Amino acid sequence: MSSARVDYIAPWWTYWLHNFPHINLRFQPTDNSFQPEEENYQQSLIFLGCVAAAGLGLNLLCLAVYLSCLCCCRKDEEEESKKPNSCCVTWSAVAAGLITCVAVGVGFYGNSETNDGVYQLTYSLYNANHTLGGVDSLVTGTMGSMKSGLHQHLARLDEIFATRGDYVQTLQFMQQMADNVIKQLLGLPDWAQAKVDLAVVADQIANVEYYRWLSYLLLLIVDLIICLLACLGLAKQSRWLLTTMMVFGVLTLVLSWTSLGADLATAVGTSDFCVSPDKYLLSQTKGIIGADIVHYYLYCNQTLTNPFQQPLTIFQRSLTTMQIQIQGLLQFAVPLFPSAERDLVGIQHVLNSSEASLHQLTALLDCRGLNKDYLDAMVGVCYDGVEGVLYLCLFSTLAACAFTVMLCAIPRAWRQIACRERDYDDIDEEDPFNPRVRRIAAQNPNLTNMHSFCSYSSSMGSQTSLHPPAPAVSNAPMSEYMNHTALFGGNPRYENVPLIGRGSPPPSYSPSMRATYLSMTEEQRRQFGNDFQA
């Protein structure tokens, strides 16, 4: 880059990205100059996307190994082992939620910055396109007025002044001046091709940016919703919700790594352009516009001369000479040839409009307008644009980490929920100390009516206040009593029958104890009843 260039300085992060290794798909180093039409350079950017794909594969492999170990390795279900696991799941969910919130915030900022940079680029392109279109319109209009309007007036005046040789020579001289102006205008570069190219490029960039911005906005919203629903599933202990969020978490993890690869390749390619944009623009305009003209607009230094100064000066002098000749003819020829006044005034109008076009053309061809658009475009792309893409890379990385933590925490939570439900299944459904029965009784007090020892007394004060009826004493043997209750049939509670001469309630039986009792013989039952009554 030229030492005289002080208006545009590439930011430091573009140099950092520019120094990334550029390796093609054959693992050969390539030149890091911005050459998007070269196959090796394209492969070097694709290689960066392949690196992100390799990271995705490694991430999924680690998750698969972790889930396999979690399924194969059965740990003890004791209370001491449950508490640390529950704490680990809780802190993992908190960490995943915090990282997701940070990632979404960074992603919104990066998406906005990238959109601002691209908008500034397209706005500058449209401004430059308008300037070049104005130059082309002025040149075309001036040449058309000189060829058609001025030529017609001069042809009629030539017939009127046919008898005056000096006036005819003046008309011929004006025709030479008009041809000279047309020649100078033809010497200007043809901006039509550049104008069309800039408009097409700006439209394509605007369309791509709109869909990119919308896609990232949807991705950010989806990431936040999945994280919130996963946290809700952990709080509600909903197994189906956790399973659904795990599937969506895997899909979002794939999208995060994919966006990381695309953003990294975009950032590196754009940085290669931002480090040396002049070199690429000179190569692209070669054969269409002269190198001195491109250099004049890219740098716009006071030491550089305007390449259009000479044609514009000749244009101005030719118009001034023609106006002087018309003033002389109006002063001396009109009194002799009154019919010539209309054509002379018409020529004067053509020259005045051409002079106005000359001033506008001089202003548009000055380097300051196009150079400002160029610098604005470079600042938008290389500062806001690349910076926003880097924030999007950080968002993708944080999102991948957050969803990895979440995918590790959900199976543990799912397993704990399953173990807790299995423990509830081992408890007697009608045990008054069962937490599930207590919740049902608290919610629906009219559904159950437990006649157990709990309804009589739990303390000395309640015994004296309730005055329960005296229990009936039965001298029947234990076997008759057990037959009378039909082995816990009907209402299978041992406490619901009259107490057998005891002041304390009988114990509750679990399903395993009931099964053991049913497997006993009659003699064992009688012996068990006598021992129990004793």
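**Close-up views of cysteines and aromatic rings**

**View 1. Cysteine 401 is partly exposed.** Its relative accessible area is 40%; here buried means under 20% relative accessible area, exposed over 50%, and partly exposed in between (1.4 Å probe, protein chains only). This is a predicted model, in which local features need pLDDT of at least 70 and side-chain atom pairs count only at pLDDT 80 or more, while totals for chains, interfaces and linings use all residues. Residues are numbered from 1 along each chain as its sequence is written, and side-chain values use heavy atoms, leaving out hydrogens and water.

**View 2. Cysteine 274 and cysteine 382 form a disulfide.** A disulfide is a pair of cysteine sulfur atoms within 2.5 Å, and in this pair the sulfurs are 1.9 Å apart. The link connects distant parts of the chain, 108 residues apart: cysteine 274 belongs to helix H6 (residues 239-275) and cysteine 382 to helix H11 (residues 367-425). Helices (H or I, at least four residues) are DSSP runs, numbered from the N terminus. The torsion about the S-S bond is about -95 degrees, so this disulfide is left-handed. Cysteine 274 is buried, at 0% relative accessible area, and cysteine 382 is buried at 0% too.

**View 3. Cysteine 300 is joined to cysteine 367 by a disulfide.** Here the S to S distance is 2.0 Å. Cysteine 300 sits in the loop between helix H8 (291-299) and helix H9 (309-332), and cysteine 367 is in helix H11, so the bond ties together parts 67 residues apart in sequence. With 60 degrees about the S-S bond, the link of cysteine 300 and cysteine 367 is right-handed. Both cysteine 300 and cysteine 367 are buried.

**View 4. Cysteine 408 has its closest cysteine sulfur in cysteine 62.** Cysteine 408 is partly exposed, at 22% relative accessibility.

**View 5. Tryptophan 13 and tyrosine 383 form an edge-to-face aromatic pair.** Rings of Phe, Tyr and Trp (its six-membered ring) pair if their centres lie within 6.5 Å; planes under 30 degrees apart count as stacked, over 60 as edge-to-face and the rest as tilted. In this pair the centres are 6.1 Å apart, with 85 degrees between the planes. Tryptophan 13 lies in helix H1 (residues 12-18) and tyrosine 383 in helix H11, 370 residues apart. Tryptophan 13 is buried at 15% relative accessible area, whereas tyrosine 383 is partly exposed at 28%.

Notes: Helix = DSSP H or I, 4+ residues; strand = E, 2+ residues; numbered from the N terminus.
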